[in-house]
Amino acid sequence: MSAQQVTEHVYLIQSEDVNVYLIVQPESLTLVDTGFPGAMADIDEAVRSLGRSPGDIGDVLVTHCHLDHAGALAEITRATGASAWMHGCDAEMVRAGESFRPYEVAPGPENQAFVDEVISQAPTTFEPAVVDHEVAAGEVIPVAGGIQAIWTPGHTLGHLVFFWPGDGGVLFLGDVAKNVHGLVPSPIYEDLSRGLESLRELGNYHFETACFAHGAPIIGGAAEVLKKRWQ
Ligand SMILES: [Zn+2]
Ligand SMILES: [Zn+2]
């Protein structure tokens, strides 16, 4: 699995059908999300393809507790010694190895079909992991020169979007939206109306690039695209 360059310092690593992202700096590597259980093999390969070593990953920022975002956290921190950062509400889930709280399906037959065929068939537990740092809403995490955690409840209660001001501004959106066949909300929400409200607020940030966990990044003018889509 190779790493695909998104901006000067940001790389996308695709693992199964989820994207994890790597901020590559001379002094350290920062990973955003973990992929499914077993994803460390893909991350290892991708990191080595960049001429770096997995031990260079100093920090893992996790957007939320779902299996495809936090399921490989235990194996990644074991392999790399990295510290993990999450919102406290979802950290609780990850420490217990629990993926899902009760959720509602977003409107549209395609979402119901995706839930029936994929999400409801997925394991609901994974290897519990240590979360070293609980991140508060708006906190600037002191990694990669400073990454702001934007609390975006809705998809899950403890969902965070991460804003990195480098490379013209890069927003890591986790599952507040997806961009697989067009830019649309995620198929499931713990609280749909709150999730849509979180999505609308993101247009207030200044970022050129939007990195989705599912689907292609938007490179160039991404804040405008989101604003037009949801405001
Ligand atoms: Zn999710
Ligand atoms: Zn996801």
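Strand S6 (residues 83-87) and S8 run parallel and are joined by three bridges. Strands here (E, at least two residues) and helices (H or I, at least four) are DSSP runs, numbered from the N terminus. Within this pair, methionine 86 stands opposite glutamate 134, a residue of S8. Helix H4 (residues 88-96) packs on the sheet and touches both S6 and S8, where contact means heavy atoms within 4.5 Å.

The model is predicted, so local features need pLDDT of at least 70 and side-chain atom pairs pLDDT 80 or more, while totals for chains, interfaces and linings use all residues. Residues are numbered from 1 along each chain as written, chains are lettered from A and ligands numbered from 1 in written order, and side-chain values use heavy atoms, without hydrogens and water.

Seven strands form it, in the order S1-S2-S3-S4-S5-S6-S8; two strands pair if DSSP finds at least two bridges between them. The sheet is open and its pairing is mixed. Its edges are strand S1 (4-5) and strand S8 (133-135), each of which pairs on one side only.

In what order do its six strands lie? The order is S9-S10-S11-S12-S16-S17, again an open sheet with mixed pairing. Strand S9 (140-141) and strand S17 (218-219) are the edge strands, pairing on one side only. Inside the sheet, strand S11 (residues 160-164) pairs with strand S12 (residues 170-174) in the antiparallel sense, over three bridges. Phenylalanine 163, for instance, has leucine 171 of S12 as its bridge partner. Helix H7 (residues 222-230) packs on this sheet, where H7 touches S12, strand S16 (209-212) and S17.

We come to the metals. Which protein residues hold the zinc ion (ligand 1)? The donors are His64 (NE2), His66 (ND1), His155 (NE2) and Asp175 (OD), at 2.1 to 2.2 Å from the ion. Donors are N, O and S atoms within 2.8 Å of the metal (3.2 Å for Na, K and Ca); water is not among the atoms, so sites may look incomplete. Along the chain, the donors of this ion follow the spacing H-x1-H-x88-H-x19-D. Distant parts of the chain are linked here: histidine 64 belongs to the loop between strand S5 (57-61) and H2, and aspartate 175 to the loop between S12 and strand S13 (177-178), 111 residues apart.

Finally, which residue do the two sites share? Aspartate 175 bridges the zinc ion (ligand 1) and the zinc ion (ligand 2), which lie 3.7 Å apart.

Definitions and conventions:
Axes fitted to C-alpha atoms, helices over the stretch in contact; angles between N-to-C directions.
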